[in-house]
Amino acid sequence: ITIEEDIATGSSEAPNTVSSPYGFWRSDTSSKIYVTLAGNDGAHALGILDEATPDAGVTRFIDVPADAADPDGHPELSSLYACDGTLYALSQSYTYAGADVSYAEGRIAVIDLKTDTFSGFITLAGKNPGSIVQEADDCHHVLVATSSDLTAPPDVTGGIERVDLAARASQGFIARDTYLQWRPFVLTKVSAKLIYVGMYFDPQPDATGKIVLGAAKVIAWNPTTLTTLGDATGKAGFINFVELGTDKQLYVGVGTFAGAPDSTKLAQGLYVGKADGSLLGTTPIDLGDTPSAIAFQK
C-alpha cells in the first residue's frame, strides 16, 4: 500500500492540525473536493480542495454559521450529500464542557454549488445528525439518522427522520430511537427495502469513568415497512463506517471501545460480506490498526 498524496485540510488562517476532517464529496463536474472540518469555527467549517493542485491545501473556505445555542462557535459539520446542484452538510452542533457534552438542534446546511456559498439551514427533528441517504428515486427526498446524546439510552430525541430537501423541511421521525431501541448514527442504503443502520447502545464507563454508549452494531432495516430484519453484525466496541462497495458487498470498519480488546465484542478489523441483510461473518481482515474510512474507485 502506497500513499500517493497527503493533502492538508487547512491553510495559514486555519491550520489543518486542528481541522478534524469528517466527510468529503468530490464534484463530478470540476476538480473540487469539499471537506467538512468539524474542528474549525463557522468561518472555516467547509473547505474546498483542488485535486489538480493538492499541495495548495484548502483553496477556499465556506462560512457556515454556528448555532446561537452552541457556544463554541463550531457548527461541527459531518456528512455531505449532493442533489441537483446543491450540497447539503449535516451540522451536529455539539459543545464539550469538561467531561460533559451538549447538543444544539440538528440542522442541514445548504450550499449553492454554483457560487460555493451558504444559503440557509434545514432544521431537523433530532439532534446530532450523522448520516444522510437518498430515500427513493428523487434525490430531494432523504432519510437522516440523528443519534442525539451518546451518554444515555434512547429518549425520543434521536432516530431516523424523513426530510424534503426541495421544501427545506423535515417531515419528522419515521422511527424514533426508542422504537429502534438504540441510537442510530449511520445509514447505508442497498435498496428500497433494505437499509443498514449502525446503532450505539450499552451504557458503560469509558477510560475516565464517564458513562457513554460503549457498544455498536449494524442491523438490517426495511424502510418501507419500518421493521427490523435482523442483525448484520455482532456486538462491536466501535464502528467507523458501514459502506456498500462497488462489488455490492457490505464493508464494515470495526474498532475497540476505549482502545481495549473485549472478548465479548468483535475483534478490530474490516468485515466484508453479502449485502443481503444476512449476518456478516465474525472473522475480520486484520489491517493492523482500526479502519477509519473507506472509498471505492470504479
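## Salt bridges in the predicted model

Arg-107 is buried, at 8% relative accessible area (buried means under 20%, exposed over 50%, partly exposed in between, with a 1.4 Å probe and protein chains only). Before going on, a word on ground rules: this is a predicted model, where local features need pLDDT of at least 70, side-chain atom pairs count only at pLDDT 80 or more, and totals for chains, interfaces and linings use all residues. Residues are numbered from 1 along each chain as its sequence is written, and side-chain values use heavy atoms, with hydrogens and water left out.

So who does Arg-107 pair with? Its salt-bridge partner is Asp-67 (a side-chain nitrogen of Lys or Arg within 4 Å of a carboxyl oxygen of Asp or Glu). Asp-67 is buried as well, at 11%. The two sit 40 residues apart, with Asp-67 in the loop between strand 4 (58-62) and strand 5 (77-83) and Arg-107 in strand 9 (residues 107-112). Strands here are DSSP runs (E, at least two residues), numbered from the N terminus.

Searching the whole structure turns up eight salt bridges, including these:

| Pair | Closest N to O distance |
|---|---|
| Asp-67 and Arg-107 | 3.8 Å |
| Asp-177 and Arg-183 | 2.9 Å |

Lys-217 lies in strand 17 (residues 211-222) and Asp-231 in strand 18 (residues 227-231), 14 residues apart. Lys-217 is buried at 10%, whereas Asp-231 is partly exposed at 36%.

Asp-177 has 0% relative accessibility and is buried, and Arg-183 is buried at 0% too. Along with Asp-155, they form a network of salt bridges.

Note on methods
Helices (H or I, at least four residues) and strands (E, at least two) are DSSP runs, numbered from the N terminus.
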